[in-house]
Amino acid sequence: MLILGASGDLTKRLLLPGIGSLVVGGDESDLELLDGLTVVGSGRSDKADGWRDTVAAAFEQVGAEGDRVDAILASTKYVQADPTEPDDWKRLLDGVDGDLVVYFALPPSVVVKVAGILQDIDLPEHTVLAIEKPFGDDADSATELNEELVKVVPEGRIHRVDHFLGQRAALAMLATRFNNRLLESSWNADQIERVEIVYDEKLGLEGRAGYYDTAGALRDMLQSHLLQVLAVTTCEAPAGLDPEHLRDSLAAVLAVTQPWTGAPVFPDTDGPSRRARYTAGEIDGKSLPDYTAEEGVDPDHETETLAEIALEVDNARWAGVPFVLRSGKAIGDPANEIRVTYRPVRFRPDGQSGTGSAEVLRFGFKPPRIEFRFTSGGGDMPFQLDPVEVSGALPKSPVTEYGEVVRGVLGDDPTLSIRGDVAVQCWRIVQPILDAWQRGEVPLDEYPAGSGGPSSWS
Ligand code: NDP
């Protein structure tokens, strides 16, 4: 595995621990993938001296140890090279013998350039490319990136990484939906009133202005991760276990997804989106400055740190159900879950007209869990109704989300990666919202860090 951009944050914080987590929690077939694995880090900066320590620390962080760890540490090396320089590829590929994974842990602007160079290089016959998001910055640039990548290797060996597809909640959504009659029979617009996919976090900018200030919450979280979660929540059952079967199902449902056109979903606006930015505040006793006072932020970018959009999935199963996607930074008491609200029943024990309360099913991201709130009874009086909540933790696995990514790229199984047409669809879905924001049609509201969002939104 040749990691381009190995001196960066992603490699140290997510990718290397992901490899370690497979050592800890992988099954026999995962461990076979790790046998004989050589990890080569590379970058323009000279990090050769500390490289082995970086890998060792990442493995230690997830508790990986033993012969396999020793073997990887013994063979790993760092090559100082610039992947945008064709001549440097001689050094980058020196000693490569066998199957190759080229992992692009590079800024997006560099990826197309490197893909162009790889088209003229004789790569090992079985080469897999792993690309980090964002995949372009609109539908046209995502298409261009796709065209460049397939000149290097066939589409099936291009893994566009979205680690949310490796989240327990996303995996559990697929497993639960199609294997339980109770859910499968009610998983449609007749029974379900609304679906919210929420991923809020306490963290503020954390020094990532360089990337985040030109991206914002919509591009960073909703356009990529949360649309994938929407797809696993709404797709039809895959025809089989071939990677393309699930990918076909996800592509089909995203192809009919678009901004909401029905009755207003958000109380304060007719449109399908709202956005906001945090001001100074406090979270867990720690002060956060106003977003615009963070180092590297340009206030003129009008970057949102909280985005909410409403979408419709225009097919027979889902027409009429709003899907609200939301993600925000610096949120006190953050929610992160897929929240499915059923239509309330038409029954009131007191004989009055109206409806009872609705069942709510939640798939939680962190900690991974399933919760179901419904109405029951059992008190002194017949039809004395009480809300009941049952919940269960999802099975834990030491394999991290990036462990799932590594499992996919080493095993050449793209099931949990984004196919090229899906990357383009995801931009097509959000583009009208980005355009409306660009035209200034949606106000940029404010909320104090540590709050739940703008007070006018609740
Ligand atoms: P960084 O910005 O830290 O960049 C990674 C490395 O790329 C740098 O250390 C640098 O290494 C190299 N690099 C930078 N500019 C150039 C250039 N012009 N030409 C060649 N190499 C260059 O990125 P991250 O590690 O944070 O992220 C890598 C990728 O992963 C990005 O696409 C990002 O969007 C994505 N990602 C990151 C996440 C994160 O939490 N960090 C989460 C999800 C996705 P050197 O100077 O040594 O060459």
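The model is predicted: local features need pLDDT of at least 70, side-chain atom pairs count only at pLDDT 80 or more, and totals for chains, interfaces and linings use all residues. Residues are numbered from 1 along each chain as its sequence is written.

### Exercise 1

**Solution.** Step 1: locate the domains. Domain 1 covers 2-161 and domain 2 covers 165-448; the bounds come from an automatic or database domain assignment. Their C-alpha centres lie 30 Å apart.

Step 1: identify the elements. Helices (H or I, at least four residues) and strands (E, at least two) are DSSP runs, numbered from the N terminus.

Step 2: sort by class. Ala, Val, Leu, Ile, Met, Phe, Trp, Tyr, Cys and Pro count as nonpolar, Asp, Glu, Lys and Arg as charged, and the others, Gly among them, as polar.

### Exercise 2

Which residues come nearest to the ligand, and which element gives the largest share of the shell around it?

**Solution.** Step 1: of the 19 residues around the ligand, the nearest are Gly5, Gly8, Gly43, Arg44 and Glu132. Two or more residues of the shell come from each of α1 (9-25) and α6 (108-118).

Step 1: the largest share of the shell, 3 residues, belongs to α1.

Step 2: by class, the shell holds 7 nonpolar, 7 polar and 5 charged residues.

### Exercise 3

Is glycine 452 buried, exposed or partly exposed, and which residues does it touch?

**Solution.** Step 1: glycine 452 lies in the segment after β19 (444-448).

Step 1: glycine 452 is partly exposed because 17 other C-beta atoms lie within 10 Å. A residue is buried with 20 or more other C-beta atoms within 10 Å of its own, exposed with 12 or fewer, and partly exposed in between.

Step 2: leaving aside residues up to four places away in sequence, glycine 452 touches Ile331, Gly332, Asp333 and Ser458. Arginine 428 is 24 residues from glycine 452 in sequence and 29 Å from it in space, C-alpha to C-alpha.

Conventions
Near = placed C-beta within 6 Å. Contact = placed C-beta atoms within 7 Å.
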